[in-house]
Amino acid sequence: MLVTRTKSKIWNHNTNSPKFSCPSFKDIQTLFSDDSNCNSPTPNKKPNIFHRVRRVSAVLRALSVRPGTDLPLKTLLPQPETNLKETRKSEPLIQIPGAEKKIVIYFTSLRVIRSTFDDCKAVRTILRSFRVSIDERDVSMDSGFMEELKTILGIREKTKLSLPRVFIGGRYIGGAEEIRQLHEAGELKKYVEGLIPADLSTCEVCGGHRFILCDECNGSHKYYSEKGGFRTCTACNENGLIRCPSCYYAPITL
């Protein structure tokens, strides 16, 4: 008679091994954190929000008055300049001759740099709201405006210059940030007082664009001669345009 051997269903269990049952890695991290907290005599607890408020208040009271002085700390710290006019008194005066009764703004109408285009558009909108005479000089239409601006500000030719730049009453005011600050503070209105009112009519020669095509080259910026062939036209700018003789202001001579 053959006796079949059956497998035993009794598992060897070591009583010395710790009990361990972790279905996920998250539980393993929890076990390690629990062991570290158990080894420490006192668990680390975050201070209550009210305790932190008390600590901050105590520090502020201690620093409110310095030893040996009766002045609070707020008056001893340098205060931000709130009046933009007072700061401009110490800056060197930059002026445009012949522009004492109008606003001159150097800007660009190109959308290559979106932030610059938005600043130029916002400043032009603010200045046009006062309905005074504005001489708008678009450097994208004529690169001579940029060279002219660098000469006025005393900047080297290779130096990059941000736009827009605003002159009010012949005096240099600044860029987009300065115009926004003056407008929000209500001081920009004082700068434009006494300027010539804006002429809302449209120029019949250029249609308000302030530039027309060159008569010599018909806007190609080149002309042909029998002796030398094609040559660059010297009567117009790089875009083949000339400034409108009807509505454009006379160029600045320094």
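This is a predicted model: local features need pLDDT of at least 70, side-chain atom pairs count only at pLDDT 80 or more; totals for chains, interfaces and linings use all residues.
Q: What makes Phe145 and Phe211 an aromatic pair, and why is the pair called edge-to-face?
A: The ring centres of Phe145 and Phe211 are 6.3 Å apart, and rings pair if their centres lie within 6.5 Å. The planes stand at 70°, and an angle over 60 degrees counts as edge-to-face.

Q: Why is Phe145 called buried?
A: Its relative accessible area is 1%, and buried means under 20%. Phe211 has 10% relative accessibility, so Phe211 counts as buried by that cut-off too.

Q: Why is Leu110 called partly exposed?
A: Leu110 has a relative accessible area of 46%. Buried means under 20% and exposed over 50%, with partly exposed in between, so Leu110 is partly exposed. Leu110 is located in the loop between β1 (103–107) and α5 (114–128).

Q: What makes strands β6 and β7 a pair?
A: Strand β6 (residues 222–225) and strand β7 (residues 229–232) are joined by 4 bridges. Two strands pair if there are at least two bridges between them, so β6 and β7 qualify. The strands run antiparallel, and a hairpin of 3 residues connects them. Tyr223 has Arg231 in β7 as its bridge partner.

Q: What makes the phi of Arg131 and of Arg210 worth noting?
A: Most residues other than glycine have a negative phi. Arg131 is not a glycine, yet its phi is positive, about 55°. Arg210 is not a glycine either, and its phi is positive at about 70°.

Q: How do you know whether Arg131 and Arg210 are buried or exposed?
A: Arg131, in the loop between α5 and β2 (134–138), has a relative accessible area of 56%. Exposed means over 50%, so Arg131 is exposed. Arg210, in the loop between α8 (188–191) and β5, has 12% relative accessibility. Buried means under 20%, so Arg210 is buried.

How values were computed
Residues are numbered from 1 along each chain as its sequence is written. Side-chain values use heavy atoms; hydrogens and water are left out. Buried means under 20% relative accessible area, exposed over 50%, partly exposed in between (1.4 Å probe, protein chains only). Rings of Phe, Tyr and Trp (its six-membered ring) pair if their centres lie within 6.5 Å; planes under 30 degrees apart count as stacked, over 60 as edge-to-face and the rest as tilted.
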